[in-house]
Amino acid sequence: MTERFVKHATFVVERTYIAPPAKVYMAWADPALKAKWFSKADIFEFQVGGKEYSKGGPPGGPIFTFDACYQEIVPEQRIVYSYTLDSDDTRISASLTTIELISTDEGTKLIFTEQGAFFDGHDTPEVREHGTGEMLDALGKSL
């Protein structure tokens, strides 16, 4: 019998971008802009209650399924969504993500907070936090 367990964790990743909050916000809100730094969505409904869904992965590797629902959107200030992540047919996590956009003299401070439940050792908070940092660096390059 397979041992089942859940590891709960919260992590925060911050970045400062030399771009105004409106531009950073649009990089999340516009599907064409988001596809430049995040997996291209098969479904993209950027509104409260809307869904974002993508399925794919590296050649020869596992197929990852990202299935999100937007919980709160305050234009140019805050985006909150819940999501599950599957690797092939295995659910590896469920999370709540909050993105805060704060105007600064330099541009925008982005605070990304993820509260996650990581299932049965298929993923870890440390791996997810590292991947999130890489994702936010890719966002910065796209700006």
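# Salt bridges and sheet order in a predicted model

Colleague: Which residue forms a salt bridge with arginine 78, and how far apart are the closest N and O atoms?

Modeller: Arginine 78 forms a salt bridge with glutamate 72, the term standing for a side-chain nitrogen of Lys or Arg within 4 Å of a carboxyl oxygen of Asp or Glu. This is a predicted model, in which local features need pLDDT of at least 70 and side-chain atom pairs count only at pLDDT 80 or more, while totals for chains, interfaces and linings use all residues. Residues are numbered from 1 along each chain as its sequence is written, and side-chain values use heavy atoms, with hydrogens and water left out. For the partner glutamate 72, the closest N and O atoms lie apart by 2.6 Å.

Colleague: Is arginine 78 buried or exposed, or does it fall in between?

Modeller: Buried means under 20% relative accessible area and exposed means over 50%, with partly exposed in between (1.4 Å probe, protein chains only). Arginine 78 has a relative accessible area of 34%, so its class is partly exposed.

Colleague: Which elements does the salt bridge between glutamate 126 and lysine 7 link?

Modeller: The closest N and O atoms of glutamate 126 and lysine 7 are 3.7 Å apart. The two residues are 119 residues apart in the chain, and helices (H or I, at least four residues) and strands (E, at least two) are DSSP runs, numbered from the N terminus. Glutamate 126 belongs to helix α3, and lysine 7 to strand β1.

Colleague: Which residues are linked in a network of salt bridges with Arg128?

Modeller: Arginine 128 forms a salt bridge with aspartate 123, the closest N and O atoms being 2.5 Å apart. Both arginine 128 and aspartate 123 are buried. The residues linked with Arg128 in the network are Asp123 and Glu114.

Colleague: Which strands stand at the edges of the sheet?

Modeller: The open sheet has seven strands in the order β1-β7-β6-β5-β4-β3-β2, with antiparallel pairing, where two strands pair if DSSP finds at least two bridges between them. Each edge strand has a single partner, so one side of each is left without a neighbour in the sheet. The edge strands are β1 (6–17) and β2 (43–44).

Colleague: Over how many bridges do β5 and β6 pair?

Modeller: Strand β5 covers residues 78–87 and strand β6 covers residues 90–103. Valine 80 stands opposite threonine 98 in β6. The pairing of β5 with β6 is antiparallel, and the number of bridges is 10.
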